[in-house]
Amino acid sequence: MRRWVAVAAAVLVGSVLCSGAAEAAAPPSPVTALKRQFGEHVGLRVSDVGRVYRGGEAVVTIWRKGRVEFDADGVYATDTVGRTEAGRGAVKELENQLGQQLGSTRVICFPNEAYLSGPGYETWLPEGKTWLGLIGPANIKQTAALPQIVNIFEPATLGTLLSHASVRKKLRSGTFLQGAVTLRTLYKVSPSLRDRLAGPPKGRSGRIPVGFRLWLDPSNLARRLSTTWRQPISGDARKYTTTVVDTRYTGWGSPVTLVPPPPEDTADAGRVGADLPEPAVLPIG
């Protein structure tokens, strides 16, 4: 009898230990997992495709890909290459066929400086210069060049998506979440969205729902985010445009150290004295 009691006790202890080990191995929450990525000279790669549809046809396509560098507080810098095209992006398709780029803009952003190069900027560049430098706090923000308006690098924004998810599914590759959040709510929690907009969305604009589908990897880090929102065309409330943005996140925790272009290749935009075009962004609100 004592032997059976001992065996039962051993099984019970073993099950408790196994349960504790499983709990210890459980991944952190998505917000905690994100914050653990914040540190100097680490980051990841991102790729975006954003399209605006009118009457069921794509009228604008924005392509962008590059690297993100973190510091202890979040995004420190970005270095992206991309272009804006009419329709579905015929030039991009031709590039894929030829295996070479036919001309893209590159944007490097830091907290108080940004640098632009590529088609559309050569007009203002002095001979021998290939970059335009924007210096000062009122420059292009680090994530503003990306088509994706939902910035999952902000813990509060990521937490808002999680709290507004109406669908949650466990997958072999991680977790899938789907839901919607209003533009007004995003504006309240997202500093980068506030930087993009001239002011808080009001009336119907504030009630625009931004639908999202979010895929998390087994570590609860984002690997893909797709967002969709629809808004009336200015001057004709009966017609709408629909914007769809698909973003992929890869290489979390990779070493990333971004640097400005060489000073000898850079022209100060303030001294050039031109009204420079900023990277195209998708219409919001």
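**Reading salt bridges and ring pairs**

User: How should I read the accessibility of Asp 79: is the residue buried or exposed?

Analyst: A residue counts as buried when its relative accessible area is under 20%. In this predicted model, Asp 79 has a relative accessible area of 9%, so the residue is buried.

User: Which residue forms a salt bridge with Asp 79 at 2.7 Å, and where do the two partners lie?

Analyst: The partner is Arg 106, with 2.7 Å between the closest N and O atoms. Because Asp 79 belongs to strand β3 and Arg 106 to strand β4 (residues 105-110), the contact ties together parts 27 residues apart in sequence. Arg 106 is partly exposed, at 33% relative accessible area.

Asp 79 also meets the side chain of Arg 67 in a salt bridge of 4.0 Å, N to O, and this pair links strand β2 (residues 57-71), which holds Arg 67, with strand β3 (residues 74-86), which holds Asp 79, across 12 residues. Arg 67 counts as partly exposed at 28% relative accessibility.

User: How many salt bridges are there, and which residues are joined into one network?

Analyst: The count comes to four salt bridges, and one of them pairs Arg 248 with Asp 246, the closest N and O atoms being 2.8 Å apart. Here Asp 246 is buried at 17% relative accessible area, whereas Arg 248 is partly exposed at 38%. Through shared partners, salt bridges join Arg 67, Asp 79 and Arg 106 into one network.

User: How many aromatic pairs are there, and how do I read their geometry?

Analyst: The angle between the ring planes sets the class, and over 60 degrees counts as edge-to-face. The structure holds seven aromatic pairs, among them Phe 153 and Tyr 249, which are edge-to-face with 5.8 Å between centres and 85° between planes. Since Phe 153 sits in the loop between β6 (131-135) and α4 (155-163) and Tyr 249 in strand β11 (residues 236-255), the pair ties together parts 96 residues apart in sequence. Both Phe 153 and Tyr 249 are buried.

Phe 176 and Trp 215 have ring centres 5.1 Å apart and planes at 50°, so that pair is tilted. With Phe 176 in strand β8 and Trp 215 in strand β9, this pair connects parts 39 residues apart in sequence.

Key: Residues are numbered from 1 along each chain as its sequence is written. This is a predicted model: local features need pLDDT of at least 70, side-chain atom pairs count only at pLDDT 80 or more; totals for chains, interfaces and linings use all residues. Side-chain values use heavy atoms; hydrogens and water are left out. Rings of Phe, Tyr and Trp (its six-membered ring) pair if their centres lie within 6.5 Å; planes under 30 degrees apart count as stacked, over 60 as edge-to-face and the rest as tilted. Helices (H or I, at least four residues) and strands (E, at least two) are DSSP runs, numbered from the N terminus. Buried means under 20% relative accessible area, exposed over 50%, partly exposed in between (1.4 Å probe, protein chains only).
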